[in-house]
Amino acid sequence: MKFEDKDFLWGAASSAAQIEGAYDIDGKSLTVADLIPYIKLKNKKDLSEIRSLGKEDFLDGLNPNSTKTYPKRLGNDFYNRYKEDIKLMKDAGMNIYRLSVSWARIFPNGDEEVPNEAGLAFYERVFKECRKQNMEIMVTLSHFDFPYPILEKYNGLLNRKVIEMFVKYAKTLIERFSKYVKYWLPFNELNICLMHTHIGLGFFSEKTNNHMDIIRKSFQGLHHLFIVQAEIIKFAKKYPDIKVGCMVSDMTTYSYDCNPINVLNNLKQEQIRKWFFFDVMVRGEYPRYSKRFFKENNIEFTIAEGDMELLKNNPIDFISFSYYQTHTTSVTENVGQSQGNLIDGGINPYLKQTEWGWQIDPVGLRYELNQLWDRYQLPLFISENGIGAIEKLDKNMTVEDDYRIEYYREHFLQINEAIKDGVNVFGYTMWTSIDLVSGSTSEFDKRYGIVYVDYDDYHNGTGDRFLKKSYHWFKEFMRTKELK
Ligand code: BG6
């Protein structure tokens with residue numbers, strides 16, 4: 001089958017903390033990601049050991065004698081190999097690269113008067129290289145790597161002062177780089193910040209088994225995050241060639257069965273875990289259903305004068321979202337647990353799972369694209385999608401990753417169907433082109449790339465790059481646009 005849209009953007013996505021390495025080079029400060037230690041899991045489907053890490057565990061990373069491994073300090077050596085990696089993407093036929101900038105390279109403490117020129121120079125080299133290869137660029141400003149000094153001194157986005165600091169960082173980048181970068185995403189997967197506050201909002205939550213306690217406190221930070229985003233959109237209007245979008249982790253759930261009680265419960269859950277975020281950023285107001293949710297859960301936060309007007313006048317230009325899995329929900333049945341990196345849910349007996357228990361649901365992608373388009377009529381972009389697997393180089397120095405080819409083929413077919421349905425989806429960046437450090441588990445052995453990188457969980461290896469079978473498959477697809 002031939003892919004419909006000729007002008008579609010095809011590329012790969014990554015994040016600074018998962019690829020760059022060079023964690024203390026050219027003036028960069030430590031980020032919260034640099035303080036996350038590697039923990040070898042006994043059971044890949046149980047992330048509780050990682051999720052229960054608290055402030056004290058992270059602070060151990062500040063001790064120069066700590067004996068732990070901190071993989072996000074090392075990445076896949078993109079800092080030194082960016083030219084090779086961008087060329088590999090270009091040679092595969094990609095025409096867009098989504099990457100993130102590390103705030104800690106630009107304003108290492110967050111509150112400096114002037115930016116760190118060495119940090120800006122690095123990204124200028126990277127962006128120039130992308131443009132030289134005729135690739136569009138999509139930049140995420142904050143991908144789970146708040147500079148640690150901002151957590152320590154300001155308590156992240158709970159503090160209104162951090163709004164100014166973030167906006168100054170964003171303006172600095174837009175002023176310098178709007179000539180290279182067309183698409184801007186202020187925050188990665190911003191809807192997970194309510195649960196994972198240290199990476200999403202820049203403050204440590206108390207250890208508690210009651211999620212609602214964390215969520216209650218986080219809403220103030222989330223409100224400030226929306227304000228940051230609106231301020232950036234307002235500023236970006238001076239630059240007619242750039243677009244500012246959002247990036248939300250797709251949390252599509254299906255009711256486990258057709259019991260109306262479960263169907264209604266699923267609707268309520270999707271409102272709060274998914275639609276709420278889009279509704280605020282597209283419509284510029286807190287949706288009616290959230291008012292009841294706030295009241296029933298004693299959620300209160302301060303809205304300063306002018307905030308709601310700012311939100312109303314500065315909606316996002318486009319919607320982007322990551323799509324890895326779907327879950328089911330039920331209040332009457334005890335359905336088994338399926339996994340995800342940031343949030344878990346119920347099992348769906350119709351879906352296969354990855355080795356980490358993530359349910360693979362290509363049809364759900366078409367369903368979600370249709371829902372988003374029907375609800376908002378804003379251009380859509382799939383900013384992450386991919387499959388992690390344990391892989392080893394074979395004797396031909398490649399990986400026969402047929403499961404990844406099947407994964408991509410199935411998802412691309414569904415995007416194609418959504419386009420035929422009349423949905424305006426303009427691009428897709430796979431997670432990812434070059435193997436990198438896992439976001440949730442910080443392991444290297446959970447590989448997502450179509451290019452293999454010779455590092456293991458402890459960063460042993462040469463770091464050399466090898467093409468997997470999926471790389472050749474994707475390149476052929478780019479050449480012919482035929483989905484074989
Ligand atoms: C997304 C994140 O949630 O999922 C990425 O934006 C992350 O940073 C990706 O790497 C895949 O998750 P993981 O935990 O398997 O690396």
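1. Ligand shell. By class, the residues around the ligand divide into seven polar, five nonpolar and three charged. The shell has 15 residues, and those that come nearest are Glu189, Gly439, Ser440, Lys446 and Tyr448. The model is predicted, and the points below should be read with that in mind.

2. In Glu189, a side-chain N or O atom is 2.5 Å from an oxygen atom of the ligand. For Lys446, the distance from a side-chain N or O atom to a ligand oxygen is 2.7 Å. His143 places a polar side-chain atom 2.9 Å from an oxygen atom of the ligand. Taken on its own, the ligand has 380 Å² of accessible area, and the protein covers 99% of that.

3. The annotated residue. UniProt, in an unreviewed entry, gives the feature "active site" at Glu384. Glu384 belongs to strand S13, which runs over residues 380-384. Is Glu384 buried or exposed? Glu384 counts as buried because its relative accessibility is 4%, and the cut-off for buried is under 20%.

4. Arg98. Arg98 sits in strand S2, residues 96-100. Its relative accessibility is 0%, so Arg98 counts as buried. Which backbone atom does the side chain of Arg98 reach? The side chain of Arg98 reaches the backbone oxygen of Ser383, at 3.1 Å. Ser383 and Glu384 are both touched by Arg98. Further contacts of Arg98, again not counting residues up to four places away in sequence, include Ala12, Ala13, Ser14, Met138, Thr140 and His143. Leu185, Asn188, Met247 and Thr429 are also among them.

5. Glu406. Glu406 lies in helix H15, residues 402-420. Glu406 counts as partly exposed because its relative accessible area is 38%, whereas Glu384 is buried. How far apart are Glu406 and Val280 in space? The C-alpha atoms of Glu406 and Val280 are 36 Å apart, and the two residues are 126 residues apart in sequence.

Terms used:
Residues numbered from 1 in each chain as written. Predicted model: local features only at pLDDT ≥ 70, side-chain atom pairs only at ≥ 80, totals over all residues. Heavy atoms only, no water. Near = heavy atom within 4 Å. Polar contact = N/O pair within 3.5 Å; in protein donor to acceptor, adjacent residues only side chain to side chain. Areas by Shrake-Rupley, 256 points an atom, 1.4 Å probe, with all protein chains shown as cover. Nonpolar A, V, L, I, M, F, W, Y, C, P; charged D, E, K, R; others polar. UniProt positions renumbered as here; feature names shortened; annotations may be inferred. Helix = DSSP H or I, 4+ residues; strand = E, 2+ residues; numbered from the N terminus. Buried < 20%, exposed > 50% of the residue type's maximum accessible area, 1.4 Å probe, protein only. Contact = heavy atoms within 4.5 Å.
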